Each structure stands twice: as C-alpha cells, then as structure tokens.
Amino acid sequence: MIISTVPTITLNLQHHSSNPHTNSNDPYLRRTIISLLHKNRKNPKHVESVHGHAIKTGTSQDPFVAFELLRLYCTLNSIDHATRLFHCTQNPNVYLYTSLIDGFVSFGSYANAINLFGQMVRGHVSADSYAVTAVLKACVLQRALRSGREVHGLVLKCGLCLDRSIALKLVELYGKCGVLEDAWKVFEEMPERDVVACTVMMGSCFDCGMVEEAVGVFSEMRNRDTVCWTLMIDGLVRNGEFNRGLEMFREMQVKGVRPNEVTFVCVLSACSQLGALELGRWIHAYIGKCDVEVNWFVAGALINMYSRCGDIDEAQVLFDGVKVKDVSTYNSMIGGLAMHGKSNEAVELFREMLMQRVRPNGITFVGVLNACSHGGLVDLGCEIFQSMKTVHGIEPEVEHYGCMVDILGRVGRLEDAFDFIGRMGVQADDKMFCSLLSACKIHKNIDIGEKVAKLLSEHSGLDSGSFIMLSNFYASLGRWNNAAKVREKMEKGGMIKEPGCSSIEVNNAIHEFLSGDLRHPERKRIYKKLEELNYLTKLEGYSPAIEVALHDIDDEQKELVLAVHSERLAICYGLISTQPFTTLRVGKNLRICDDCHAMIKLIAKITRRKIVVRDRNRFHHFENGDCSCNDYW
C-alpha cells in the first residue's frame, strides 16, 4: 500500500524563514528571482545563490518561485536540495508534488516517488493527470504492481480514467508486470487507439512473451512510424524470433520507412544471434547510406555483431576507429576478445580502459573474468575479482561469482571452487552448479561431482539444460538408472531437451541443421561429403571418442550418433557450397563435444580451410590441424 512518507530532510541553509517585512507574493520580486534563475540555470552554484537571495527577500514561499527552484534542482540532479526545499515549503501544491515526483523518477528513486504521491493523497492535495502519470512511471520502473493498482483505483474515483497519458502508463505497467489481461482491458477502453497507444500495447505483449498478440496489434494498425516498426523488430528479436525480426526489417524498407539508430541496433542484434556475418556487413554499409551516425551506441552493436559472427579482426578495426569510447564500447570489445580466446588481449584492453579513466561496470567484469577463465589465468582472475569491491566499489553479483567458479573449475581446482560457493555472499544459481559439475565430469572427480549433483538436484526452478547436465554426469559414471530418473523428472515437468542445432551462412542465407538432419534439399551431397571426411580423418588417426556419447547403447551405435552431429553436417554443406580455401563460420546452440572438436581440427587440416565454430561458451578457430583454444575450453 502507498502509506509510507518521504523521509524529511532538515534544511541546513541559513536564514530560511521568510522576512516578516517582505511580501512573499510581490509580483516584482517574483519576476526578478525567476529572471535571475533563468540567466544561468545550468550552474548549480548560481541556482543556490539565487535561492539564498529568495530566502532573504522572503520570496522562497512564493509558489511560482518555489516551483521554479524545485524544478531546476531536479534538472540539475540536486535531489537533496530539491527535497529540503519541498519540506520547507508551506502547504505545497500539486505542481510542487509533481515536480519532486518527477525528480525522484529521474534520479532513480522510484520508491520515494511512490511514497511522495501517497503523502500528497493523504494531505488531501487533489492529483491531476500530470501527477498520476509521473507516479505511474515510477510504478512501471519499480515494477510496483500493487501500488500501481492503488493509483488506478484512485484515478477511477477521481474521474481521470479517460486521460490518454494515464491509460498509456497503465497499459505499460500491467504489461511490464506480466498482467496482460488487465493491459488489454485498459487498452480496449481507450476512446482513441492511435499509433502510440498501439505501440505501447505491442510492447506489453512482447514483455509478456505474447508474440502473436503483438503481431496482431501491429497488423491492424493503419499508420506505422519508425518507432512502431523498431519496437516490432526489437520485440521479435527479444523473444528469439530473429529471422522474423529480419523479415520485418526488410518489409520496413519496402514500405519506405526510414530506420533510425535504434532500428539498426535491433537488426544487428538479430544478426549477432544468427551468426549472419554477410548480412551484418551489408547492414553496416547501409547505415552509412542512411547517414546514421556511428556513435558509441551503434558502434557497440557493430562490434558485438562482428565479434559474435566470428570476425574479431573486423571488430578490432571498428573499435580502434571509434574516437569517443564509453564503457559500453569497451565492454563489447572485451567481451568479444574473451569469446574468441584472446584472453591476454582482453585483459590488456581492460587495463587500457582503466588508464583512460573510463569507469568499469558489472558487465565489464563479467567480460574480463570470462577472458581469465578461457585463458586459464587463475591468479589474475582472482586479483581482478577482488578489485571489484576494494578498488572500484562494485558489489559482485551471482554472474561474477559464477565466473570465479568457472575459473577454478576449468583448471581442476574443484575443492577450491566448491568451498568458494559455500563462502559466497549470494545464493548459487543452477548455472554455477552446472559449470562446476561439468568441470567435475571433465576432471573425473566423482566425490565433488556427487556433492554438486545433490545440490543441483535440490535446486528449484531448473531449466532443461540443467537437467541434461545432471543426467549426463550420471551417464558418464555409467549410472543409467540415476540418469533415467533425472530424465523422467524432466519430462514430468513438461520440459524437452534442447536439440543440438548448428547454422551456417551461405550466399546470404542461413542454413540450419539438427543432429542426423535429413530435411535439407542437398542432403545426399552433404552425407556423401561426410562419408568422405570420415574416411580421410581416420587415415589421419581419428578415432571416435565414444565415451562422450552418453547413451545406454552399444559402441557401434554410439559411433553413428557422433558421426551425424549438427556441426559436422553444417561444415559439410559449407564445403560443397563455397569456393575452396574460403573460411567457414558455423554457430551451434550447445557446447561442442570433445569428439567433434578433434574431428574438426582434422577437417580443417585436410581441406586447408579455416573453420570458425561458435558454441554456447566461445569461439573456436580451427586452422592447420590446431584450434585457437589450445584444447582448453
């Protein structure tokens, strides 16, 4: 409920009481003070000086002067001064309340904004549409559904329910809080559902994962502006509909709607997820044709796209060409270097960032700690982790603790990793347990592995990947009954195993393959090439690592299962569809297995191709029989 009040802050300015010999509502003094304020409104010291003058002349209680002072303090992010001024104002009106509520929202103090609105209501100050819209914005950002409902109830009592700005905020609130039914109800009661209203409703549908409902709203719109098209593309991409997002971008071009920088960032995100490098390059060129500035926002998206699509060299060139680099630009490049196994380069860039006095954030440390993990830089990783709080004042979150567990687990320090989890200041999540369990499986540490498996099995809210990891651990020990029980529990929970899927871009088209896939029109040629490679790699000494096929079947069947993994089919299609010696880039949704890793090293050697494979964890650059990860991943 909206019952608490904003804590009163004592004013420490001298002579704040009104001069009894001065008329606080003198129009001349009011105009003078406001005129002085406007002369240098961006200078906090100037505003404070004029405020002091207003106190001496007794005009600080004038509602117009008080409003202007409060508004300027909020604009200057001097929220403490604004709060002190408010509490020293006699009988503040709705405009002062609204101004401070807006100030709290801009400052990120959403709870204080909601509490102040409650104080206003209890003080019998009638709320107008501006005040309600301001507090609903705070409710949206705070995801404060209960408070938002109370405000909605107040709106209905006051007869403000038909106000368009309030209705839009209510639709957004219910959508962000996952109550789509209520969002629909408010939307349908709006007398005028224009492009803005439809765009907000689309956003609410996307926030709730209701993609088709959002598409339905979009389809019924007569006029669609750039913002509407961009939200549609962004919503599809956020919900994993990457190809549909790209199709929507193409339709946007056909309709002659000009994209903006946000549109391009959304489209580049889709390319990143699909590994569509050639399409990403075309979009990079198209950005220039549209005269869109490659600022830090767009540059970060381009660096991320090139990194995730396997061209880290192009990402580096782009990064070097950015004149003004902010924290997000550095984060994109550090994360890209980490993904490509360039651990030392990522750490050096992190140090350069600090030397340039660019303040790192939590995302920065996830990137550089991942780099330490992929490079086996244990001591350096521990040092950087410790510096988060002691040097940079950043409290580590579960992702950072997870990176440390990964760093220790990869080098076989499993007991240290297990103890580290027990000493953490946050609760371990299933990803952390899965990381350590995977390390136990690789290093064949049954004792720690069983402890972790027990903790993981007791963890609530496991996804399908966690169940599969648990099942695979038991299968690696030959405990098929335990593995079967985990699978049974997973099936009862309505979860299905995410199938291994690999994709390759050929002639600007994305081709996807599942394990043992027979759907591709070139399947005969693909499998013929696969048979040829199986023969040639065995001549080079390849022997199937049947121990990684965690199925309760005989060895011959295990060999067949391994032979048709999705990444092999994608590579074979690339080999028969592209010119000799060109680089092949393959993306996979799961971690590449040991057997495929060994096989692809030999394929790269035999075919004299560079093969870049992106799995769930990182990139592998196969060339001349070697891999960039040095068999450490």
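Tutor: We go from confidence to helices, then to a sheet. This is a predicted model, where local features need pLDDT of at least 70, side-chain atom pairs count only at pLDDT 80 or more, and totals for chains, interfaces and linings use all residues. Residues are numbered from 1 along each chain as its sequence is written, and side-chain values use heavy atoms, with hydrogens and water left out.

Student: What pLDDT does the chain average?

Tutor: The average is 86, and 92% of the residues score at least 70. pLDDT is the predictor's confidence in each residue, from 0 to 100. Over residues 1-22 the pLDDT is below 50. Where pLDDT is low, the predicted coordinates should not be read in detail.

Student: Why are H16 and H17 called roughly antiparallel?

Tutor: Set the angle against the cut-offs. Under 35 degrees counts as roughly parallel, over 145 as roughly antiparallel, 65 to 115 as roughly perpendicular, and the rest as oblique. The axes of H16 (residues 277-289) and H17 (residues 296-308) cross at roughly 160° and come within 10 Å. H16 and H17 are therefore roughly antiparallel. Axes are lines fitted to C-alpha atoms, for helices over the stretch in contact, and angles run from 0 to 180 degrees between N-to-C directions.

Student: Which residues of H16 and H17 make the contact?

Tutor: Contact means heavy atoms within 4.5 Å. H16 supplies Leu277, Gly280, Arg281, His284 and Ile287, while H17 supplies Val298, Leu302, Met305 and Tyr306.

Student: Why are H15 and H16 roughly antiparallel to each other?

Tutor: The axes of H15 (residues 261-274) and H16 cross at roughly 165° and come within 9 Å. H15 and H16 are therefore roughly antiparallel too. Phe264, Val267, Leu268 and Cys271 of H15 touch Leu279, Gly280, Ile283, Tyr286 and Ile287 of H16.

Student: In what order do the six strands of the open sheet run?

Tutor: The order is S2-S1-S3-S4-S5-S6, with mixed pairing. Helices (H or I, at least four residues) and strands (E, at least two) are DSSP runs, numbered from the N terminus.

Student: What makes S2 and S6 edge strands?

Tutor: S2 (509-514) and S6 (626-627) each have a single partner strand, so one side of each is left without a neighbour in the sheet.

Student: How many bridges pair S4 with S5?

Tutor: Four bridges join S4 (residues 611-614) and S5 (residues 619-623), in the antiparallel sense. Two strands pair if DSSP finds at least two bridges between them. Val612 has His621 of S5 as its bridge partner. Helix H32 (residues 594-607) packs on the sheet, touching S4, S5 and S6.
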